[in-house]
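Visitor: I would like to learn how to read a helix and a set of aromatic rings in a model such as this one. Could you take me through them step by step?

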Amino acid sequence: MAVSPANSISSHAGAAFFCQQLKQQGWDDIAQRSVLIAGCGAGHEAAAIQAELNATVDAVDIEDFVSAELKANSPVRFAVGSVCDLKFANNTFDAIFYHHVIEHVDNPTASLRELHRVLKPGGWLFTGTPNRHRLLSSIGAHQQ
């Protein structure tokens with residue numbers, strides 16, 4: 001898939017940081033890594049992460065916000081589901097990207113337990129949340 005500007009890693013600061021951290025830890029030295037994007041939204045960050053890391057990427061969201069075009073043209077495996085009840089086996093993923101999602105989940109603790117369950121021992125969980133002390137972090141955030 002050709003990476004469009006919307007899917008470019010440089011247009012997603014959190015995803016770019018995630019990929020940078022994994023690469024600094026030797027991610028590129030190990031073949032066939034698996035990543036879960038927990039709360040993928042429209043799927044653009046998932047596509048950018050897949051292109052940047054050349055990993056097997058599964059992306060899940062509670063609703064289907066991904067365009068038919070992105071689904072057809074991306075190797076990312078998109079699915080609808082809850083981060084509190086993932087349909088993956090234990091110890092499936094080398095890394096999980098959980099960025100600006102936990103604040104939208106009804107049971108954040110249950111979501112973290114479920115992500116821990118599907119994360120391989122020694123795997124990486126990247127979690128980001130808005131900063132309530134920064135106005136720009138709050139714009140567009142949903143209230144619980």
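Visitor: Which exposed residues does helix 4 carry on the face turned away from its buried side?

Guide: Bear in mind that this is a predicted model. The general idea is that an α-helix has 3.6 residues a turn, so residues three or four places apart point the same way. In this structure, the face of helix 4 turned away from the buried side carries Arg113 and His116, which are exposed.

Visitor: And which residues of helix 4 are buried?

Guide: Helix 4 spans residues 108-118, and its buried residues are Ala110, Ser111, Glu114, Leu115 and Val118. They lie on the same side of helix 4 because the arc they cover around the axis is only 135 degrees.

Visitor: What covers the buried residues of helix 4?

Guide: The cover includes three strands, namely strand 1 (34-38), strand 4 (93-99) and strand 5 (119-128).

Visitor: How many helices and strands does the protein have, and in what pattern do they follow one another?

Guide: There are 5 helices and 5 strands, and read along the sequence they give the pattern α-β-α-β-α-β-β-α-β-α. Of the 144 residues in the protein, 40% are buried. Among contacts with a separation of 6 or more, 64% are between residues 24 or more positions apart.

Visitor: Turning to the rings, how many aromatic pairs are found in the whole structure?

Guide: The search finds 5 aromatic pairs. When reading such a pair, one looks at the distance between the ring centres and at the angle between the planes. One of the pairs joins Phe17 and Phe126, which are 6.0 Å apart centre to centre with 50 degrees between the planes, a tilted arrangement. This pair links distant parts of the chain, since Phe17 belongs to helix 1 (residues 13-24) and Phe126 to strand 5, 109 residues apart.

Visitor: Which residues do the ring pairs link into a cluster?

Guide: The cluster consists of Phe17, Phe18, Phe97 and Phe126, linked by ring pairs.

Key
Residues numbered from 1 in each chain as written. Predicted model: local features only at pLDDT ≥ 70, side-chain atom pairs only at ≥ 80, totals over all residues. Heavy atoms only, no water. Buried < 20%, exposed > 50% of the residue type's maximum accessible area, 1.4 Å probe, protein only. Helix = DSSP H or I, 4+ residues; strand = E, 2+ residues; numbered from the N terminus. Arc of directions from axis to C-beta. Contact = heavy atoms within 4.5 Å. Phe/Tyr/Trp six-rings, centres within 6.5 Å; stacked < 30°, edge-to-face > 60°.
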